[in-house]
Structures are given as C-alpha cells and as structure tokens.
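Dear colleague,

I am handing over the structure we spoke about, and below it you will find what turned up when I went through it. Please have it open beside you while you read.

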Amino acid sequence: MSDPGNMAGNTDRSLGQLVAAATAEMSALVHDEIALAKAEVRQDVKRGVTGSVVIIIAGVLLLFAIPVLSFAAAYGIHNLGLGLAWSFLIVGGAFIVLGALLALFAVAKFKKVKPPERSIASAKQTAAVLQGVKPHPRATAAGTGRPAVTGSTRADKALEAVPAQDEAPTVARSTT
C-alpha cells in the first residue's frame, strides 16, 4: 500500500478533497458491511425456511394422512388376526414415530441458524476505530468545531454552506 501523498500528481490535496475522500471511503465501508449482513441473513433465512417447510409438511402429513391411513392400516392388521384395538395402537404409534423423526430433522435445521457474526464483529471493529478518531487541531476553524474550508471542490462548497451549530448544554430530564 502506498502513501497517497506520494502518488504522482497528488502532492497537495486540499482539506476538502481529503474530507470528500474520507467520506467516500466511509460510505463504501458502510455499504460493504450492509452487503455482508444481507448475505449472512439471506443464508440463515434459507435455513430457517427449509426447517419451516419441513415442519409444515410434517404437520400436513399428520393432519390429513393419519385418519385415512390409520383406518386402512388398522383394519389391515386386524385382518391378520390381531385385535382391532391393538391394530389401531400399532398404527398410531407408527405415525407418532414418523412425526417425531421429521420434527428432529427440523430442529437440526433450526440449530444451524446463527446471527450474522462476521457483520457484528466488523461493525464493532469499525465503531472502535471511529471512536478514536479526532480531527487534527489545525484542521478546524477557530471556535466552530468544523473543519477549516479552503478550495473550490463540491465538498468544500457543501461544507461552507453548512451553518455552524451552537453547542447548547444538554438538560437532564427527571423521570418522576
């Protein structure tokens, strides 16, 4: 990585140009972090949808198939010589086992859903870096707390157009 001040044709950059470059880089950083968060959330949503679809399918199977198949299977077992009550008990137990296996599969899919860890770590790192950033004392206009503006770029003109804000003391509010 080279020093931007040593690049050909870039020996004297105005404060406005530096602010514009820093703003553009900060904007790109924020956009990249948002894109990373979206990608991680999209991946976790796909996993969650898969688990949800499996649970819905399991519920539909249990809701609609149990009565029809239970009667058919119970009467089929009864025709083999087993009592009618035992036949219905065997069929009901088989459907419960099938539903439990599908629910376990869905739970395994849900456990893979995680928060966007890389985005959170990146945002915390960016916040930590930005907390330590302070303007250079010579770069601020006297008494305004704003950068001194020189030059004729669009960023310089935009900074000139922003009025200085009065620093009003904050008032503590009572919660009584």
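**A residue in a helix, and the chain around it**

Asp44 has its place in helix α1. Please keep in mind that the model is predicted. With a relative accessibility of 11%, Asp44 counts as buried, because the cut-off for that word is under 20%. If we set aside the neighbours within four places in sequence, the residues in contact with Asp44 are Lys112, Val113, Lys114 and Pro115.

Helix α1 itself covers residues 15-79, and helix α2 covers residues 84-111. The axes of these two helices come within 9 Å and cross at roughly 170 degrees, and since angles over 145 degrees count as roughly antiparallel, α1 and α2 are therefore described as roughly antiparallel to each other. As for the residues that make up the contact of α1 with α2, 22 are nonpolar, eight are polar and two are charged.

Turning to the protein chain as a whole, how many helices and strands does it have? There are four helices and zero strands, and reading along the sequence gives the pattern α-α-α-α. The protein chain has 176 residues, of which 13% count as buried, and Asp44 is itself a residue that counts as buried. Finally, when contacts between residues at least 6 apart in sequence are considered, 60% of them join residues at least 24 apart.

With kind regards

Conventions
Residues numbered from 1 in each chain as written. Predicted model: local features only at pLDDT ≥ 70, side-chain atom pairs only at ≥ 80, totals over all residues. Heavy atoms only, no water. Buried < 20%, exposed > 50% of the residue type's maximum accessible area, 1.4 Å probe, protein only. Contact = heavy atoms within 4.5 Å. Axes fitted to C-alpha atoms, helices over the stretch in contact; angles between N-to-C directions. Parallel < 35°, antiparallel > 145°, perpendicular 65-115°, else oblique. Nonpolar A, V, L, I, M, F, W, Y, C, P; charged D, E, K, R; others polar.
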